[in-house]
Amino acid sequence: MASILNVDQIKNAAGTSALSIDSSGSIAMDNTYSMLNLSLLSDQTSNGVLTSWGSPQQSKQLSTFGNNPVTHSNGVFSFAKTGVYRIMLSCRMLHQGGDSTVMVEGNASYDGGSSFIIHVRASEGNSSGGTSTGAVTLLDFFNVDDIANCKYRFNCTSLTGNSQIYGASASAAYTVCSFERIADVQ
């Protein structure tokens, strides 16, 4: 014998909505999964924090999903909700001059942004010089247990000669990052 349960929302005992069901039957989990996707809007040509983040410029490219949990200012990302975040950066770069190596780091702060430590680091290029293009991808999992003190940023080092990290063009986003809240604090 089958039972049918008709509901629009499921809430906890305190009345906080855990999930909603829209008129088409799609389920929205209000407090678990959310995502922010950004493009680097201009080329990065010197060492330092990647700062020129903005919404993707390409048609129908998603920039947010769910309740936007992340904001940024001058390249430093802040979190509006505690939880475990999957953080990804993918960037395209030109190696030209110097040692032809470009390094990108994912830096975390646990003191409100006063100091940052290296969480992950990746590099692309070679030490023999010359000109080439390449790409690097970073993946990090960040347990944000305090929204006032947990901050994140992407930092590039080893940009020498005419090397650069590509920003967006009219036809493509060459460097992108995403922050996905995937679970509650661990």
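## Ground rules

Because the model is predicted, local features need pLDDT of at least 70 and side-chain atom pairs count only at pLDDT 80 or more, while totals for chains, interfaces and linings use all residues. Residues are numbered from 1 along each chain as its sequence is written, and side-chain values use heavy atoms, with hydrogens and water left out.

## Overall fold

Let's start with the whole chain. The protein chain has 16 strands and 0 helices; both are DSSP runs numbered from the N terminus, with at least two residues (E) for a strand and at least four (H or I) for a helix. Of contacts between residues at least 6 apart in sequence, 70% join residues at least 24 apart, where contact means heavy atoms within 4.5 Å.

Of the 186 residues in the protein chain, 37% are buried. Buried means under 20% relative accessible area, exposed over 50%, and partly exposed in between, with a 1.4 Å probe and protein chains only. The chain exposes about 9,700 Å², and carbon and sulfur atoms supply 50% of that area; accessible areas come from the Shrake-Rupley method with a 1.4 Å probe, and for residues only the protein chains shown count as cover.

## The nonpolar core

In soluble globular proteins, nonpolar side chains tend to be buried together. Here the largest nonpolar core has 30 residues, and those with the most contacts inside it are Trp53, Phe77, Val104, Tyr152, Phe154, Ile165 and Phe179. (A nonpolar core is a set of buried Ala, Val, Leu, Ile, Met, Phe, Trp, Tyr and Cys residues joined through side-chain atoms within 4.5 Å.)

Several strands give two or more residues to this core, including strand 4 (34-40), strand 10 (83-96) and strand 14 (151-157). Strand 10 gives the most, with 5 residues.

## Aromatic pairs

A search of the whole structure finds 13 aromatic pairs. Rings of Phe, Tyr and Trp (its six-membered ring) pair if their centres lie within 6.5 Å; planes under 30 degrees apart count as stacked, over 60 as edge-to-face and the rest as tilted. The ring centres of Phe79 and Phe179 are 6.1 Å apart and their planes meet at 65°, so this pair is edge-to-face. Phe79 belongs to strand 9 (residues 76-79) and Phe179 to strand 16 (residues 176-183), so the pair links parts of the chain 100 residues apart. Both Phe79 and Phe179 are buried.

Tyr110 and Phe142 also pair edge-to-face, at 5.7 Å centre to centre and 80° between the planes. Tyr110 is partly exposed, with a relative accessible area of 44%, whereas Phe142 is buried at 0%.

## A buried glutamate and its arginine partner

Glu105 lies in strand 11 and is buried, with a relative accessible area of 6%. Its side chain makes polar contacts with the side chains of Asn107 at 3.3 Å and Arg121 at 3.0 Å. (A polar contact is a pair of N or O atoms within 3.5 Å; within protein, one must be able to donate a hydrogen and the other to accept it, and residues adjacent in sequence count only if both atoms are side-chain atoms.)

Arg121 sits in strand 12 and is partly exposed, at 47% relative accessible area. Beyond its neighbours within four places in sequence, Arg121 is in contact with Met103, Val104, Glu105 and Leu138.
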